[in-house]
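Student: I am new to this structure. Can we go through it together, term by term?

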Amino acid sequence: MSEKPKDGSLVKEVRRGENATVVTLSGDVDLHHSPTLHAALVELAAERPKRLVIDLQEVPFMDSSGVGTFVEVFRRVSAYKGKMIFFGLSNRVRSVFEITKLDKFFTICENEQQAVTA
Amino acid sequence: MSQSNPVELKITSSPSCLAAVRGAVEEMARYEGFGEMDSHALVLAVDEALANVIEHGYSGVEGLPIEVTLSAVRSSDHRAGVCVVVRDQGKQVDPGQICGRDLDDIRPGGLGVHIIRSVMDEVEYSCPNEGGMLLRMVKYVSSASAEKPEA
């Protein structure tokens, strides 16, 4: 099932499958957008998907507010023993995960196919 | 170190202002010959500095003044660089207390200062007598990625 939310949270599309919910984000994940993104991801995590897959292919910029949002949602997903997986990171976005050492903490895949089976 | 033709940006403490400042910083970095990742590092540091002012200096209150000044500088070994000064009128904090937190503690928040100190070559916080905080930071083009500036 595909859905295109219109809540200004950077969530461009949500696709729900048996093994994974894939969330496509589009835009800068910064202090301006992180609060609404957090709310949207918390809502999706509450559906307890086996895997919450975050597609970052259309995210050109992310700051520590975005990192904080993902860490907080990761905790919620881990609490019900689900997985949170990222793919499609640009070099810029990947560098933020690396600087904060979260590249070792999060599961980061090269593409969606890997992510939905990780 | 040389310094000329500073660019001054006056914004208010609204998160919606961040994208415009990032755009200006990116343009300055490109003009000074920064490569993609050096440019991103500078943009990220300025974004984090402004986010800290908005969230902590002004406690999330919007509409309060922030000034950002960008200047071209040169390192002692003649690499191009950009000096950024962020001036606010928010709460004063002992500069010695402004430090990054332990990254092994995986939790949201508190990463901005760590990022700034990680990616910038010089970082100095001070408390001007007139009130507020002043952050001066400098990023130079990495030796390996030095590029000639556009004409």
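Tutor: Start with the lining of the largest pocket: it divides into 17 nonpolar, 14 polar and six charged residues. A word on the source: this is a predicted model, where local features need pLDDT of at least 70, side-chain atom pairs count only at pLDDT 80 or more, and totals for chains, interfaces and linings use all residues. Residues are numbered from 1 along each chain as its sequence is written, chains are lettered from A in the order in which they are written, and side-chain values use heavy atoms, without hydrogens and water.

Student: What makes a residue nonpolar, polar or charged here?

Tutor: Ala, Val, Leu, Ile, Met, Phe, Trp, Tyr, Cys and Pro count as nonpolar; Asp, Glu, Lys and Arg count as charged; the others, Gly among them, are polar.

Student: Why is a space called a pocket and not a cavity?

Tutor: On a 1 Å grid over the protein atoms alone, a 1.4 Å probe fits in a cavity but cannot get out, whereas a pocket is an open set with protein on both sides within 12 Å along at least five of seven lines. Lining residues have an atom within 4 Å of a point. The largest pocket holds about 730 Å³ of space. Its lining has 37 residues, and Ala51(B), Asn52(B), Glu55(B), His56(B) and Val113(B) are the closest to its centre.

Student: Which element gives the largest share of that lining?

Tutor: Helix 2 of chain B, with eight residues. A helix is a DSSP run of H or I with at least four residues, and a strand is a run of E with at least two.

Student: What makes Asp28(A) and Arg22(B) a salt bridge?

Tutor: The rule asks for a side-chain nitrogen of Lys or Arg within 4 Å of a carboxyl oxygen of Asp or Glu. Here the closest N and O atoms are 2.7 Å apart, so the pair meets the rule. Across the interface the rule finds four salt bridges.

Student: How far apart are the closest N and O atoms of Asp30(A) and Arg22(B)?

Tutor: They are 2.9 Å apart, and this pair too forms a salt bridge. Asp30(A) lies in the loop between strand 3 and helix 1 of chain A, and Arg22(B) in helix 1 of chain B, so the pair joins two chains.

Conventions:
Points joined across faces, edges and corners; volume = space filled by probe spheres on them.
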